[in-house]
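Dear colleague,

I am passing on a structure that I would like you to look through before we discuss it. Please find it below, followed by notes on what was found.

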Amino acid sequence: MATPGRPGIDWEALRERARQLNQRAYVPYSGYRVGAAALVDDGRVVSGCNVENAGYGVTLCAECGLVSELVAGGGGRLVAFTCCNSLGERIMPCGRCRQLLFEHGGNELLVDTPRGVLTMAEVLPQAFGPADLAEVEAARGGPDPAV
């Protein structure tokens with residue numbers, strides 16, 4: 001299968017990193033492990049795993065850990081992303097995590113899905129992001145004075 005966008009991405013290495021992180025997931029409640037890995041525009045690979053909590057609402061998805069590593073490591077833009085379940089099968093990020101990935105990779109981010117590699121624009125069409133905030137701020141003539 002031809003990979004859209006950027007050539008030379010080692011998808012198998014990213015998938016293997018996601019499988020490794022999957023084994024480190026902390027999932028005492030659901031038992032549903034998720035591992036994630038992504039290529040950054042500077043060549044780094046960042047990764048994460050899900051971390052559950054007895055207060056379910058504060059559970060962290062694997063993508064949260066991955067983006068935290070991205071930012072803590074100096075930032076950059078995500079170029080290619082994959083995640084998997086405990087069987088090593090590719091899975092889709094939840095809606096919240098798609099938004100998080102969009103914020104740090106944009107429409108061009110390549111996402112390794114069960115149906116093949118898709119751009120984030122295909123995975124999260126018409127996404128809301130920083131450009132939308134900037135457009136409204138510019139139209140208003142600056143930041144919201146009520147804040």
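Which side chain meets that of Arg15 in a salt bridge? The partner is Asp112, at 2.7 Å from N to O, where a salt bridge is a side-chain nitrogen of Lys or Arg within 4 Å of a carboxyl oxygen of Asp or Glu.

Before the rest, a word on the basis. The model is predicted, with local features requiring pLDDT of at least 70 and side-chain atom pairs counted only at pLDDT 80 or more, while totals for chains, interfaces and linings use all residues. Residues are numbered from 1 along each chain as its sequence is written, and side-chain values use heavy atoms, with hydrogens and water left out.

Salt bridges

Arg15 belongs to helix 1 and Asp112 to strand 4, so their pair ties together parts that are 97 residues apart in sequence; helices (H or I, at least four residues) and strands (E, at least two) are DSSP runs numbered from the N terminus. Both Arg15 and Asp112 are buried, a class that means under 20% relative accessible area, with exposed being over 50% and partly exposed in between (1.4 Å probe, protein chains only). The count of salt bridges comes to six. Arg19 forms one with Glu12, whose closest N and O atoms are 2.5 Å apart, and another with Glu16 at 3.2 Å, N to O. Arg19 and Glu16 are three residues apart in helix 1, about one turn of the helix. Relative accessible area is 43% for Glu12, which is partly exposed, and 27% for Arg19, also partly exposed. A network of salt bridges links Glu12, Arg15, Glu16, Arg19, Arg90 and Asp112.

Five strands make up an open sheet with mixed pairing, in the order 2-1-3-4-5, two strands being paired if DSSP finds at least two bridges between them. Strand 2 (45-49) and strand 5 (116-119) are at the edges with a single partner strand each, so one side of each is left without a neighbour in the sheet. From one strand to the next the twist averages 20 degrees. Strand 3 (residues 78-84) and strand 4 (residues 110-113) run parallel and are joined by three bridges, and Ala80 has Leu110 in strand 4 as its bridge partner.

Nonpolar cores

A nonpolar core is a set of buried Ala, Val, Leu, Ile, Met, Phe, Trp, Tyr and Cys residues joined through side-chain atoms within 4.5 Å. The largest has 21 residues, of which Val46, Leu66, Leu78, Phe81, Leu101, Leu109 and Met120 touch the most other members. Strand 1, helix 2, strand 3, helix 3 (95-105) and helix 4 (120-123) each give two or more residues to this core, and helix 2 provides the largest share, four residues. A second, separate core of eleven residues includes Trp11, Ala18, Ala80 and Val117.

The aromatic pair

There is one aromatic pair, for which ring centres of Phe, Tyr and Trp (its six-membered ring) must lie within 6.5 Å, with planes under 30 degrees apart counted as stacked, over 60 as edge-to-face and the rest as tilted. Tyr29 and Tyr56 form it edge-to-face, at 5.8 Å centre to centre and with 85 degrees between the planes. Tyr29 is partly exposed at 39% relative accessible area, whereas Tyr56, at 60% relative accessibility, counts as exposed.

Best regards

Note on methods:
Axes are lines fitted to C-alpha atoms, for helices over the stretch in contact, and angles run from 0 to 180 degrees between N-to-C directions.
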